[in-house]
Amino acid sequence: MDMLPPSDVLVRYGGNMPRYTSYPTAAQFDASVGAAEADAWLRAVPAGTPVSLYLHVPFCDVLCLFCGCNSSVVRDADLRAAYAGLLIDELHRVAARLGAGRPVRHVQWGGGTPTTLPPESMRAVMETIYRLFAVEADAEIAIELDPRFLPDDYPPLLGALGFNRASLGVQDLDPAVQAASGRVQSLEQTEDCVRRVRAAGIRSVNVDLIYGLPYQTVDGAGDTALTVAEVLRPERLAVFGYAHVPWKQKRQALLPEAALPPPVERLAQRARIDEALRLSGYSAVGLDHYARPDDALCLAAAAGTLRRNFQGYTVDPAPVLVGVGASAISNFPQGMTQNVPANAFYARAMETMPDSLPAVRGVCRTGDDRLRGEVIERLMCDLQVDPAAIGARHGASTTWFDGAWPALRQAEKDGLVVMDGPVVRVTEKGRPFLRNIASVFDAHHVPAGVKRHAGAL
């Protein structure tokens, strides 16, 4: 705790802040961009250019109270199977606009819980992908799992379908934290899940941890991280600060808000997790990821080729990410689009507009957005950036980021960055404040007190 920043620094860098998984962020999406832009941008992808696919399944068996994802409990197997049919339909629409045999670099299934789809539905969707696209031999094919609800026949199916990475949530192992958060999951359940996944041939396992949950303590967070590292031995970990946004996610209002740790306690939990994972042989990557030193994520970070998208940090180099399913977001050089969020309305849009795409909102990127987006991504990935050099590549004036200097000088005074001419280098002390540092280059960032995002710390 004595290594934590003083109180004035915590106040200065408090407030709400985007996660910067895109730029502009989703807060800038509106209905002026939609199906027409998605159609045009798909058709404009140059022939032979690889793309990546993200498929969203908005179903869970039980809702975790802390979750901010678009998901709901749907127990009807027929409805789940029908949703898979919609994914197949949308994949056909996407492929028709991209052209036959488009190379695919990554396939990511998220949610919700993708394995809530009946096994035969999962097989049908994946076979459709293999039939419509040219999935590259070394493509990463990943899926999010819930260890509490993983049918016995699912891991062998995933192995047979070519999945090679699985991500599963642990959050915290303390029973009191689990009970308050609506996520009761024993270490034994998680161990069994990892064992079955590895036995099916899935070689890479990612574990998600969360700090800042109700009743969570510094010692408890550290013990969870150490146990996960030493017992489960995942290849990667993602360590997220709980994002409390009850004005957006009503389920979060059910959490005991008085038991949420304050910012100084959250930072202490983060520091203890960081210490445990580093001592266990993991390297820190970007803001909140960890990986074994020989993992592709660490190698990309060292090479300066790490990327950041809506799923977090990635080694995916594809310039286009196509989102499929309710609420899924697509990312193009020209901008971003998002599908109809609610499952029922997504299904209706697919039925009533059979010749269209289900995108209903988004944002167009300006030249300034592309410049700032590159600066923010490099800062978030490399923990250093030369905004002058990037600006020169974009044809911007040498003064384009003059407005950032006061905040950068303050961050340097606070020990969060080191300035080497125009080059900004984030210190280890500054790593937890990376989003704050990135925000000085964000032309869309709103004033403090406007509730669009979760707390920065």
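Which residues does glutamate 235 touch, not counting residues up to four places away in sequence? The views below come from a predicted model.

**View 1. Glutamate 235 and its contacts.** Glutamate 235 sits in the loop between helix H8 (218–232) and strand E8 (236–241). Leaving out residues up to four places away in sequence, glutamate 235 touches Arg198, Arg203, Ser204, Val205, Tyr282, Tyr290, Ala291, Arg292 and Asp295. Two of these neighbours deserve a second look. The side chains of glutamate 235 and arginine 198 are joined by a polar contact of 3.2 Å. The glutamate 235 side chain also reaches the backbone nitrogen of valine 205, at 2.8 Å. Is glutamate 235 buried or exposed? Its relative accessibility is 16%, so glutamate 235 counts as buried; the cut-off for buried is under 20%.

**View 2. Helix H3 from end to end.** Helix H3 covers residues 77–98, 22 residues in total. At 1.5 Å a residue, H3 should span 32 Å. The C-alpha atoms at its ends are 32 Å apart, which agrees. At the start of H3, aspartate 76 places a side-chain oxygen within 2.8 Å of the backbone nitrogen of aspartate 78. Glycine 99 follows H3 and has a positive phi, near 100 degrees.

**View 3. The second largest pocket.** This pocket has a volume of about 580 Å³. Its lining is made of 24 residues, and the closest to the pocket centre are Arg307, Asn331, Arg365, Gly373 and Glu377. Strand E11 (307–309), strand E14 (329–332) and helix H12 (367–382) are the elements that give two or more residues to the lining. Which element gives the most to the lining of the second largest pocket? H12 does, with six residues. Sorted by class, the lining holds nine nonpolar, seven polar and eight charged residues.

**View 4. Valine 340 in its loop.** Valine 340 lies in the loop between strand E15 (335–339) and helix H11 (343–352). Valine 340 has a relative accessible area of 9% and is therefore buried. What does valine 340 touch, not counting residues up to four places away in sequence? Its contacts are Ala326, Ser327, Phe345, Tyr346, Ala349, Pro358 and Val360. Leucine 86 is 254 residues from valine 340 along the chain, and the C-alpha atoms of the two are separated by 13 Å.

Key. Residues are numbered from 1 along each chain as its sequence is written. This is a predicted model: local features need pLDDT of at least 70, side-chain atom pairs count only at pLDDT 80 or more; totals for chains, interfaces and linings use all residues. Side-chain values use heavy atoms; hydrogens and water are left out. Helices (H or I, at least four residues) and strands (E, at least two) are DSSP runs, numbered from the N terminus. Buried means under 20% relative accessible area, exposed over 50%, partly exposed in between (1.4 Å probe, protein chains only). A polar contact is a pair of N or O atoms within 3.5 Å; within protein, one must be able to donate a hydrogen and the other to accept it, and residues adjacent in sequence count only if both atoms are side-chain atoms. Contact means heavy atoms within 4.5 Å. The expected span of a helix is 1.5 Å times one less than its number of residues. On a 1 Å grid over the protein atoms alone, a cavity is a set of points where a 1.4 Å probe fits but cannot get out, and a pocket is an open set with protein on both sides within 12 Å along at least five of seven lines; lining residues have an atom within 4 Å of a point. Grid points are joined across faces, edges and corners, and a volume is the space filled by probe spheres set on the points. Ala, Val, Leu, Ile, Met, Phe, Trp, Tyr, Cys and Pro count as nonpolar, Asp, Glu, Lys and Arg as charged, and the others, Gly among them, as polar.
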